[in-house]
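Trainee: Hi, could we go through this one together? I'd like to talk about helix packing and then a pocket.

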Amino acid sequence: MNYDIIVIGSGPGGYVAAIRAAQLGFKVAVVERAELGGICLNWGCIPTKALLKSAQVFNYLKHASDYGITAGEATPDFEAIVKRSRGVADQMSKGIQFLLKKNKVDVIVGTGKVMPGKIVRVETGHASVGSEGVETGHAPSLQEYTAKHIIIATGARSRDFANFKQDGKKIIGYREAMNLLKQPKSMVVIGSGAIGSEFAYFYNSIGTKVTLIELLPNVVPLEDEEVSKTLAREFKKAGMTVMLGANVESVNTKGKLCKVMVTTKKGEEVIEAEVVLSAVGVATNIEGIGLEEVGIKTDKGKVLVDDFYKTNVEGYYAIGDIVHGPALAHVASHEGIICVEKIAGKDVEAMDYGNIPACTYTNPEIASVGMTEQQAKDAGYEIRVGKFPFTASGKATAAGAREGFVKVIFDAKYGEWLGAHLIGDNVTELIAEVVVARKLETTGKEIIEAVHPHPTMSEAIMEAVAQAYGECVHL
């Protein structure tokens, strides 16, 4: 069959690209070997948020008396929590199925491989649709499809390491972490990025003894240092063991418990746990998909593309985790839209990778965009920094969520909003104001003069900006 556009992969980059292409009048197909919606929807972003919501509700129940409510003793039902999470993922996957059908996008179930001559070869017979997995039940077969444009959106997977290689049972990745049959009594989490920190928070919240190990000096090491130190403090207050500047040398899985050999400045230490979660980055899915046969260039595990996601071979494109830029769902989706709109001949802007929000859904939450304070200094800027703590927020105090702050950074000379770093309750819902303001080149004065509703958490952004300019009333 012939198509205008074939997309390989139906994650947040692939399915969005396919639907937008269909809206623009193209005949489109999506090739998917597993679940519609990809890792993010089925084994990442969405089901993890369902797990974290259960942890949040449990935490509220444990502290009900703080709000003047008497409640019986609450206990987490791990099996029910996981079942709810899988149900949420399944519901969302069916939603993607509906959207693709509504927009007349053909779904080809199988493993796609690009071939020279704008051909996609699909092996069928071992694929499934739906988050629970539905086997097709027939022997593998090959089918070839042609397209004027082929978009590769094959995503990424949990990165494996030789000294703590995942076996899916004792040493696991994020996929197994959200689908365990029983709650472990103890867990070591290696890596404190967003994935590691979120799972560490979840399991610690429901009663698992968690040790979080980070090679670098701070947890969530890409965040502003003040944010990182605040999260580490909150983790420790919640009873988690946090080891910084610690290197995992090996993991011995032969006994009943895993023995994790860790090296720190103090020397070697062995940590025992039922399960070890490896959460140190991701690896791109670019092996065996035909890149070499077509002649598509890669570098350090990433497909090389231009500003509009064209590879070096005419008619082939790549988006999402397999190209440069942060491996985030919202980035992949936007890349997909830019890619197909450029194919359609529309006047589109290249992605501004300096204005991408990042969110971590721990408790407290983290949200950030732009430069950290240190990055701004290193870049030679003379800066204005404003910081508003949630201890001074009426809404945060009423909600019993006074941990954290909003921190903003401006160029003192020209007033450019260089960055914002938030930690606290629901801050992932606040960061979009900063992203839009920076996109519109809004000045600090305009933020101060824009009336923010009271009492809200969002006031803290205005207050932090005002503090940067010496005009904050409530500090």
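Predicted model: local features only at pLDDT ≥ 70, side-chain atom pairs only at ≥ 80, totals over all residues.

Trainee: Great. At what angle do α3 and α6 pack?

Mentor: Helix α3 covers residues 45-62 and helix α6 covers residues 194-205, and they pack at about 40 degrees with their axes 9 Å apart.

Trainee: Nice. Which residues make the contact?

Mentor: From α3 you have T48, K49, L51, L52, A55, Q56, F58 and K62. On the α6 side the contact uses E198, F199, Y201, F202 and S205. By class, the residues of this contact of α3 with α6 are 7 nonpolar, 3 polar and 3 charged.

Trainee: OK, switching to pockets. How much space lies in the second largest pocket?

Mentor: About 700 Å³. Its lining has 24 residues, and those nearest the centre are N59, H63, E234, N363 and E403.

Trainee: Which of them gives the most?

Mentor: That would be α3, with 4 residues in the lining of the second largest pocket.

Trainee: Last one: how do the lining residues divide by class?

Mentor: For the second largest pocket, the lining has 10 nonpolar, 8 polar and 6 charged residues.

Key: Residues numbered from 1 in each chain as written. Heavy atoms only, no water. Axes fitted to C-alpha atoms, helices over the stretch in contact; angles between N-to-C directions. Helix = DSSP H or I, 4+ residues; strand = E, 2+ residues; numbered from the N terminus. Contact = heavy atoms within 4.5 Å. Nonpolar A, V, L, I, M, F, W, Y, C, P; charged D, E, K, R; others polar. 1 Å grid on protein atoms, 1.4 Å probe; cavity = no way out; pocket = protein on both sides within 12 Å on 5 of 7 lines; lining within 4 Å. Points joined across faces, edges and corners; volume = space filled by probe spheres on them.
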